[in-house]
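Dear colleague,

Please find below the structure that I am handing over to you.

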Amino acid sequence: MKDTLIKIEEEVAACQACQLCKTRTNTVPGYGSSQADVMFIGEAPGKNEDLQGKPFIGAAGKVLDGLLASINLKREDVFIANVVKCRPPLNRDPLPEEVAACADFLQRQVTLIRPKIIILLGRHAMDRFIPGLKISLDHGKPKRKDGNVYFPIYHPAATIYNRALIEELQKDFKKIPKIIDMIEKEKDQLRG
Ligand code: URA
C-alpha cells in the first residue's frame, strides 16, 4: 500500500515502541505541507506540544515563527517534525532507544515530502542525520548527504536561555532562501 503522511500519523498515534508512550498525552507526528521545500526537524515535543499534538507551539515555537516570517514563510508552507514524536518526561534529552524507535517514521516523512532542504534545529536533530559535528562550529553550513541537503542551525529554544544566539540564528536563517536558489540553479543546469 502507498505510504502517506496520514498513514504515518495513524501509526505514530498507535505506537508503543518505547516507554514514552506511557507518559504522553498526545503524539506529535509533525505538521505542515506535504509539498514543502523546507522541512524543519527539532528535538522532541515539550509540555505544550504534548497537550496539543502539534510541534513548536510553546516559547520555542514563537521564536521559530518570527524566524519564518523573516524569510517570508508561514508554517503552512513548510513541514515541521521532531526527532522523537512523544514528550520525554520533564523535557529530558531523548534516549538513544527513543530516537531509534522514531527513526523509521521520520525517515518515511522525509522520503514522502522530499524537501529541497532539511533544517536541523540543534544538536539532537544534527546528530540524527549528520553525526560527528559540533553545532557551535557547524551551524549555518549546509551539508550534502545521501542526496539530501542538511542545514544545521541552533535550536530556537537555545536563544531563550542565551540571547546572544538569536543573532547567529537570524543570520543562518537568512541563508535559507539563498541555499534553495542555489539548489534550484544546480538542478536547472543538470537538466540543461
Ligand atoms: N522543541 C522541540 O524540539 N520541538 C518542539 O516541538 C517543541 C520544542
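The notes below describe what was found, beginning with the basis of the values.

This is a predicted model, in which local features need pLDDT of at least 70 and side-chain atom pairs count only at pLDDT 80 or more, while totals for chains, interfaces and linings use all residues. Residues are numbered from 1 along each chain as its sequence is written, and side-chain values use heavy atoms, with hydrogens and water left out.

Salt bridges

The structure holds 14 salt bridges. The term stands for a side-chain nitrogen of Lys or Arg within 4 Å of a carboxyl oxygen of Asp or Glu. One of them joins aspartate 3 to arginine 108, with 2.9 Å between the closest N and O atoms. This pair links distant parts of the chain, 105 residues apart: aspartate 3 belongs to the segment before α1 (5-14), and arginine 108 to helix α5 (residues 96-113). Helices (H or I, at least four residues) and strands (E, at least two) are DSSP runs, numbered from the N terminus.

How accessible are the two partners? Aspartate 3 counts as partly exposed because its relative accessibility is 23%, whereas arginine 108, at 14%, counts as buried. Here, buried means under 20% relative accessible area, exposed means over 50%, and partly exposed lies in between (1.4 Å probe, protein chains only).

Arginine 108 also meets the side chain of aspartate 104 in a salt bridge (3.8 Å, N to O). Aspartate 104 and arginine 108 are separated by about one helical turn because they are four residues apart in helix α5. Aspartate 104 has 47% relative accessibility and so counts as partly exposed.

A further salt bridge is formed by the side chains of arginine 191 and aspartate 188 (3.0 Å, N to O). Both residues lie in helix α9 (residues 165-191), three residues apart, which is about one turn of the helix. Arginine 191 counts as exposed at 65% relative accessibility, and aspartate 188 as partly exposed at 43%. Elsewhere, salt bridges that share partners join Asp3, Lys7, Glu11, Asp104 and Arg108 into one network.

Helix α9

What span should α9 have, given its 27 residues? The expected span of a helix is 1.5 Å times one less than its number of residues. For α9 this gives 39 Å, and its end C-alpha atoms are 39 Å apart, which agrees.

The helix bends by about 25° at isoleucine 176, and a proline, proline 177, follows within four residues. The bend at a residue is the angle between axes fitted to the seven residues ending there and the seven starting there.

The buried residues of α9 are Leu165, Ile166, Leu169, Asp172, Phe173, Ile176, Ile179, Ile180 and Ile183. These buried residues pack against β2 (38-42), α4 (59-70), β4 (117-121), β6 (148-153) and α8 (158-161). Contact means heavy atoms within 4.5 Å.

Lysine 174 also has its place in helix α9, and it is partly exposed, with a relative accessible area of 45%. It touches Ser70 and Ile71, not counting residues up to four places away in sequence. The C-alpha atoms of lysine 174 and isoleucine 71 are separated by 6.5 Å, although the two residues are 103 residues apart along the chain. After α9 comes glycine 192, whose phi is positive, near 85°.

Lysine 85

Lysine 85 is found in the loop between β3 (79-82) and α5.

A polar atom of the lysine 85 side chain lies 2.9 Å from the backbone oxygen of proline 29. Leaving out residues up to four places away in sequence, lysine 85 touches several others, including Val12, Pro29, Phe105 and Gln109.

Positive phi values

Asparagine 91 has a phi near 60°, a positive value in a residue other than glycine. It sits in the loop between β3 and α5 and counts as partly exposed, at 44% relative accessibility. Arginine 114, likewise not a glycine, has a positive phi near 45°. Its place is in the loop between α5 and β4, and it is exposed, with a relative accessible area of 67%.

Yours sincerely

Key. Polar contact = N/O pair within 3.5 Å; in protein donor to acceptor, adjacent residues only side chain to side chain.
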